[in-house]
Amino acid sequence: MPQQVPRLAAVFAVAVVGLIVARTLLVPETFGDIGHYRAAAIDSIVAHPKKYAGHQECTMCHRPIAEKRAASNHRGVRCEVCHGPAAAHVANPLETKPTVSRNRGLCPLCHAYNPSRPTGFPQIDSVRHNPRMPCIDCHDPHAPEPPVTPRECSACHGQIASQIAVSHHVELSCTVCHDAPVQHKNDPRSVRPGKPTQRSFCGTCHATDAPSPERIPRIDLGSHNQPYVCWQCHYPHYPEAR
Amino acid sequence: MPETPGTIERDAEQPDRASVDRREFLRDVLGACGAAAPVLWWGTISVAPAMGQERQDSYDPTDHLYGMGIDVRKCIGCARCVVACKIENDVPDEPHFFNTWIERYVIRRDGEVEVDSPNGGIDGFPPIEGVGSVRRTFFVPKLCNHCDNPPCVQVCPVGATFITQDGVVLVDDDYCIGCRYCIQACPYGARYIHPEKHVAAKCTFCYHRLVDGLVPACVEVCPTGARIFGEVEHRATPLARFLQFNDVQVLKPHLNTKPKAYYANLDGEVR
């Protein structure tokens with residue numbers, strides 16, 4: 001055999017041995033156990049301390065107030081949303097207590113009016129609504145029904161009220177078009193107000209033969225954009241807009 | 001020309017050239033390789049640890065596959081989730097490090113889309129200018145999507161980020177070299193370099209809570225139930241009902257990352 005072959009074989013042998021030694025030294029211990037990563041990393045991630053206890057922990061000791069809240073409008077608002085992380089309190093109930101803001105600081109974070117919030121979510125103008133009084137003076141945070149039934153729909157539907165204020169339709173009260181049971185004011189999601197369903201409803205004022213004041217604009221219901229309903233084009237809270 | 005093909009005759013003028021038979025040469029070399037093969041095999045096997053070992057405690061990661069549902073129509077942008085995540089996971093307080101954050105979309109009547117996320121939403125959002133020209137506006141919570149085909153895992157040069165058997169993408173703090181390739185690779189902007197540890201960091205689905213049967217901190221504190229946590233493949237989980245009764249989309253489906261954050265009522269303008 002030519003002398004190049006054993007020399008080459010020796011070079012390869014050195015490289016292979018070197019590779020095996022390097023792998024033994026450099027690859028960490030649990031690497032590759034489960035996948036292409038150090039399995040011990042999962043253990044150190046799992047060992048991270050918890051700051052939030054979870055509402056089941058609160059309910060174990062504070063059962064009556066948890067049940068009161070679970071039957072109220074705040075049933076989806078878990079304890080630590082307002083009371084902050086409570087794992088330290090669960091571990092040491094007598095020494096570490098969760099806190100809560102008792103002035104107006106906390107409630108407007110969710111309930112201040114913001115146009116990007118979904119329609120119908122209870123919102124107030126936090127500057128005008130009972131200025132400077134603590135929210136909990138009137139609203140029990142664990143059962144936050146309004147203390148008095150709101151007189152006006154605009155108490156919650158401020159955006160609609162401010163829009164209709166620039167329109168002729170401000171002369172109509174909300175109940176002219178929407179049959180709103182009183183229960184809706186106290187528990188909005190339990191019953192919703194109704195809406196008109198047919199063109200003839202708008203015709204009670206706007207049809208050519210309607211018995212309404214003369215200044216109201218008229219259209220011929222039979223020919224005007226059949227078969228669409230009126231509010232597909234005319235926003236009823238601001239119908240003058242084009 | 002030599003008399004027998006395959007041989008080189010000794011040349012009188014070049015006496016040092018040995019004569020080599022081609023067949024002999026091949027036989028010798030292949031024989032040497034065959035002899036060396038068991039040694040090489042033993043070398044790699046003895047060094048590589050055994051695959052498929054399971055964790056020793058009672059939590060079995062192969063029994064779960066986690067995902068999150070987000071109902072955009074329920075989000076009120078209060079950012080309690082952002083605050084809770086920062087507390088639970090020791091995320092730095094500086095404004096641009098978030099495991100999860102809230103974006104506000106403002107879509108004008110002329111088609112312009114404005115997106116903002118001031119400090120993730122923690123300090124509230126500035127009032128919208130020209131509210132009258134707004135067609136739609138809403139909040140979108142965002143987080144690591146824990147993709148089933150994660151680009152971040154694919155590009156990590158050392159194997160410091162990985163997807164667990166229960167579908168959670170995690171980062172090995174002790175092994176990451178901080179090369180930032182995964183930060184570039186994530187199409188959702190979910191990863192960042194931790195300013196003190198100098199390694200990649202991101203949402204972990206609060207994995208340290210999942211193994212104890214709790215839900216992530218952001219899901220625990222969401223007051224409207226806009227975040228729903230559960231298992232993608234099981235039937236008795238809140239996520240199953242969410243996926244059944246909602247029109248669900250994912251972010252950037254064209255990138256084939258197979259994200260496991262499912263958005264209901266997602267507007268087409270959300271990127």
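How many salt bridges are counted between chain A and chain B? The count is four, a salt bridge being a side-chain nitrogen of Lys or Arg within 4 Å of a carboxyl oxygen of Asp or Glu. One of the salt bridges joins A:Arg38 to B:Asp174, with the closest N and O atoms 3.5 Å apart.

The model is predicted, and local features need pLDDT of at least 70, side-chain atom pairs count only at pLDDT 80 or more, and totals for chains, interfaces and linings use all residues. Residues are numbered from 1 along each chain as its sequence is written, chains are lettered from A in the order in which they are written, and side-chain values use heavy atoms, with hydrogens and water left out.

Between chain A and chain B, 15 residue pairs are in polar contact, both residues being at pLDDT 80 or more. A polar contact is a pair of N or O atoms within 3.5 Å; within protein, one must be able to donate a hydrogen and the other to accept it, and residues adjacent in sequence count only if both atoms are side-chain atoms. On the side of chain A that touches chain B, helices H1 (4-26), H2 (40-46), H5 (79-83) and H7 (108-111) of chain A each supply at least two residues. H2(A) gives the most, with six residues. Helices (H or I, at least four residues) and strands (E, at least two) are DSSP runs, numbered from the N terminus. In total, 44 residues of chain A are in contact (heavy atoms within 4.5 Å) with 54 residues of chain B.

B:Thr137 lies in strand E4 (residues 134-143) of chain B. B:Thr137 counts as buried because its relative accessibility is 16%, where buried means under 20% relative accessible area, exposed over 50% and partly exposed in between (1.4 Å probe, protein chains only). Its side chain makes a polar contact of 2.5 Å with the side chain of A:Ser116. The side chain of B:Thr137 also reaches the backbone oxygen of B:Tyr105 at 3.1 Å.

The largest nonpolar core has 47 residues, a nonpolar core being a set of buried Ala, Val, Leu, Ile, Met, Phe, Trp, Tyr and Cys residues joined through side-chain atoms within 4.5 Å. Among the members that touch the most others are B:Met68, B:Leu143 and B:Phe205. The elements giving two or more residues to this core include H2 of chain A and, in chain B, strand E1 (66-71) and E4. A second, separate core of nine residues includes B:Cys152 and B:Val171.
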